Amino acid sequence: KALDTLMLSDRYMLHVQLQYGPRLRQGVNEVCAIAFPPDQQTVMVADQSTRAALWDTRSAAFLGDARWPAAALALGRSAGEPMLGALRDGSLVEITGDGRQPVVRLAARENETWEAAAISPDGLAAVWGLLAGKGRPSPRVRVWWAADGATRDFDAERLSAVAAHGGTQRIALGLGNGYVRIIKPGHDFGVTVPLHQTRITSLSFSADGRALVTGKDAPKTLA
């Protein structure tokens, strides 16, 4: 199990590989979320268990574990100092790297399991998705807005990836046909744009919400 990170500056790029524990079998505790805390001097990596590793990005030293009630699907900055974690059970927690118990911002609902999640770059929104697939329940999305702490659920056909931006109040849905759907609160259908020829696998808003990066399946391509 290893993590590759690039440390960038105005003059150089330094490649560092961080490794913790033995090599894992394929499909076992694969990394599912990664983010830099506000101090930019550490990086947090969560796997499919209920734990995450915290690393020093300057020395590649392992600093310790963080733990929570369910696996983290997404990590990101909050509007304040703590990190945010969107968990598989639908809860949203504030995370610190000092071993303290996470503070629950949004409680989990009973008997729910989500497959994808994303946290807004500004920490003002989070979104979960139940993805489309043969034999699965109907694809569904849940969005949380920090402004009022409210959530909203809605159906989303062909859902394959999710992203949100709290400052601009936009939700991006990647679809299995290569399209991306952009939605604002109060506009249920939004705008659908054809970007790829195959399934969208990942989405990410820029910090200001004015740009959206998309990734597709087979072969891996960004737009």
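This report describes a sheet, its salt bridges and several individual residues in a predicted model.

**The four-strand sheet**

Four strands form an open sheet in the order S11-S12-S13-S14, and their pairing is antiparallel. Strand S11 (116-119) and S14 are at the edges with a single partner strand each, so one side of each has no neighbour in the sheet. Direction ignored, neighbouring strands of this sheet are turned against each other by 15° on average.

Strand S13 covers residues 140-145, and five of its six residues are buried, so the rest of the structure largely encloses this strand. Six bridges pair S13 with strand S12 (residues 125-130) in the antiparallel sense. In this pairing, arginine 140 of S13 stands opposite leucine 130.

S13 is also joined to strand S14 (residues 151-155), by five bridges, and these two strands run antiparallel. Valine 143 has arginine 152 in S14 as its bridge partner, while tryptophan 144 is partnered by threonine 151 in S14. S13 and S14 make a hairpin with five residues between the strands, where glycine 149 takes a positive phi near 70°.

**Salt bridges**

The count of salt bridges comes to five.

| Residue | Partner | N to O distance |
|---|---|---|
| Arginine 105 | Glutamate 94 | 2.9 Å |
| Aspartate 153 | Arginine 140 | 3.0 Å |
| Aspartate 153 | Arginine 142 | 2.9 Å |

Glu112, Arg140, Arg142 and Asp153 are linked in a network of salt bridges.

Which of these residues are buried, and which are exposed in part? Arginine 142 counts as buried, at 2% relative accessibility. Arginine 140 is partly exposed, with a relative accessible area of 24%, and aspartate 153 is partly exposed as well, at 32%.

Arginine 105 and glutamate 94 form a salt bridge. Arginine 105 is in strand S10 and glutamate 94 in strand S9 (residues 92-95), eleven residues apart, and the pair links distant parts of the chain. The relative accessible area of arginine 105 is 35%, which means that this residue is partly exposed.

**Histidine 165**

Histidine 165 is found in strand S15 (residues 159-165). With a relative accessible area of 2%, histidine 165 is buried. The side chain of histidine 165 reaches the backbone nitrogen of threonine 168 at 3.1 Å. A polar atom of the histidine 165 side chain also lies 2.9 Å from the backbone oxygen of alanine 207.

**Loop residues with positive phi**

Asparagine 111 has a positive phi near 60°, though it is a residue other than glycine. Asparagine 111 lies in the loop between strand S10 (103-106) and S11, and is exposed, with a relative accessible area of 73%. Arginine 158 is not a glycine either, and has a positive phi of about 60°. The place of arginine 158 is the loop between S14 and S15.

**A nonpolar surface patch**

Val191, Val193 and Leu195 make a nonpolar surface patch of about 230 Å². Valine 191 belongs to strand S18 (residues 187-194). Its relative accessibility is 52%, so valine 191 counts as exposed, the cut-off for exposed being over 50%.

Definitions and conventions. Residues numbered from 1 in each chain as written. Predicted model: local features only at pLDDT ≥ 70, side-chain atom pairs only at ≥ 80, totals over all residues. Heavy atoms only, no water. Buried < 20%, exposed > 50% of the residue type's maximum accessible area, 1.4 Å probe, protein only. Pairing = 2+ DSSP bridges. Axes fitted to C-alpha atoms, helices over the stretch in contact; angles between N-to-C directions. Patch = residues over 30% accessible without salt bridge, like charges linked within 9 Å, V, L, I, M, F, W, Y side chains within 5 Å. Areas by Shrake-Rupley, 256 points an atom, 1.4 Å probe, with all protein chains shown as cover. Salt bridge = Lys/Arg side-chain N within 4 Å of Asp/Glu carboxyl O. Polar contact = N/O pair within 3.5 Å; in protein donor to acceptor, adjacent residues only side chain to side chain.
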